[in-house]
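Subject: Structure for you to look at

Hello,

Here is the structure I promised to pass on. Please open it, then read my notes below.

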Amino acid sequence: MFATALRDLRSSLAAWRLWCLLGWLEIRQRYARSTLGPFWLTISMGVIVGSIGVVYGALFNQNIADYLPMMGIGLVFWGLLTSIINESCMAYINSAGYIRQTATPKLLFMLQAGWRNFLIFLHNFLIVILLLAVFGSKDWSTVSLFFPGLVLFILNALWIGQVAGIISARFRDLPQIISAMLQMAFYVTPILFQPGMLKDHRWIIDYNPFAHLLELVRGPLVGAAPDTLTWTVGIVMAVAGWLLALALTERYLKRIPYWV
Amino acid sequence: MSVIRLHNVCVDLPVFELSGRSLKMHLARLGRRGRIGKDNDGVVIVRALDDLTLTLQEGDRVGLIGRNGAGKSTLLRVLAGIYAPTAGQIYSRGRIVPLLDIALGMDELSTGRQNLRLRGLLLGMSNAEIRRKIEEIAAFTELGDHLDLPLRTYSSGMRLRLAFAVSTAVDADILLLDEVIGVGDASFMKKAEGRMLDLQSRAKIVVLASHSDTVIHQMCNKALWMDRGRIREFGPMDEVAARYAAAQSAG
């Protein structure tokens, strides 16, 4: 099952030097000769977190020490998720030059998009550290859960990216559709607001897979261990999603050079 | 034993109109399909290769000849494994290296040396292989200290030298070339020719698409005459090239 897709995945992983280098070069190109480089993103994210924290904190009558870390950490991870998905849409389209001239494995280009955005995320992670240093966590013992949470979070981002990337190569409207849908998802996911504020409408986040994904990484950091349901949703999504992504890859991998 | 075997290979290239790419048009068409029945999918299909059966063996130096649009480049891409045939089978053994665009993936902001590494990885060299060869490649470019400057400071001749030096350092069982690579000034040209010959002699099978009679005569022992996506003739270079030249002059 999935022989072609798995072979491609294996050789893509083996070529890690190539996608790490290509991903890094893209970041450098974007921030060439600016002194702060990708830290400009950190600064702009920091400014957003600060201003939203003050305004919405007041609007929702929230205690800033609770609200700011929840919202700030949520925003950083939401940025990681959406940038991986949005840029994976363009992973194959933008690599057309490579795909049509050499016979490299294909998943490599999706891993490259993932790696590039993970590097940017590491810059933004400074904000998370800063927030935790200032406001602390309610319970530091849950921090170790952050690492399995992060792995699940990224595995989920990657399969969504791979599915989106393949379909986008064929149908060029998809990147726009996806970015609009992610914009909508942002407002129904507890980032700007806290789950408790929903009162009778908790179903909005109970049935929102993004809310569970976010809780996998944010919960452990702010001292709230994710519950069993959240772990289950994360694991089931990752397994089912990767099966879907591999099935799609198996079926359409060979068409990609014809589409881009 | 290096070998490539094609069996009834066809390649249909889709030419997407602007509307063919659009999900909206696709869905709208799904809705219409019931009523109109047969509907054009919005995608034009061009048969670039039509039913090719062919075996290339060790020692073959094949010159691909034919007019523009005869399918030479598409055939090279199929041999390289870039395009999977839409029908038929391809079987190959040996490390295949296509040198279709030697300047592919050069990065403007990286130094010459970093670009050597990047190109090496893209050509499928291992890290150890690159480290082993990089000094020899660097020496061949004759770029000296320029190798530590970013590529954007290079002249086009210097870029070509860099790309040529690293691309020809690769070890290939099966080498695929689209036109012979021309490089820079006269003195370097001489050196480049020698290196090109060396690269070809190391490879067990060479396929070279070219419009130049001289090149085909110098480098090939067989010729494959492509005509509108089909094989017109495949055989000893002298005979096929002569008949191709006759057909050309006859118009």
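First, a cut-off: a residue is buried if 20 or more other C-beta atoms lie within 10 Å of its own, exposed if 12 or fewer, and partly exposed in between. Keep in mind that this is a predicted model.

Now use the cut-off. Asp51(B) has 15 C-beta neighbours inside 10 Å, so Asp51(B) counts as partly exposed. Asp51(B) sits in strand E2 of chain B, residues 43-56. Its phi is near 55°, a positive value, and Asp51(B) is not a glycine. As background, most residues other than glycine have a negative phi.

Asn8(B) also deserves a look. Asn8(B) is not a glycine, yet its phi is positive, about 50°. Asn8(B) belongs to strand E1 of chain B. Is Asn8(B) buried or exposed? Asn8(B) counts as exposed, because it has 12 C-beta neighbours inside 10 Å.

Next, chain B as a whole. Chain B contains nine strands and eight helices. Of its 251 residues, 34% are buried. Take the contacts in chain B with a separation of 6 or more: 75% of them join residues 24 or more positions apart.

Last, the two chains together. How many residues of chain B are in contact with chain A? The count is 24, and they meet 20 residues of chain A. On chain B, strand E1 (3-16), helix H1 (23-36) and helix H3 (112-122) each give at least two residues to the side that touches chain A. That side of chain B has 14 nonpolar residues, six polar and four charged.

Best wishes

Methods
Residues are numbered from 1 along each chain as its sequence is written. Chains are lettered from A and ligands numbered from 1 in the order in which they are written. This is a predicted model: local features need pLDDT of at least 70, side-chain atom pairs count only at pLDDT 80 or more; totals for chains, interfaces and linings use all residues. Two residues are in contact if their C-beta atoms, placed from the backbone, lie within 7 Å. Helices (H or I, at least four residues) and strands (E, at least two) are DSSP runs, numbered from the N terminus. Ala, Val, Leu, Ile, Met, Phe, Trp, Tyr, Cys and Pro count as nonpolar, Asp, Glu, Lys and Arg as charged, and the others, Gly among them, as polar.
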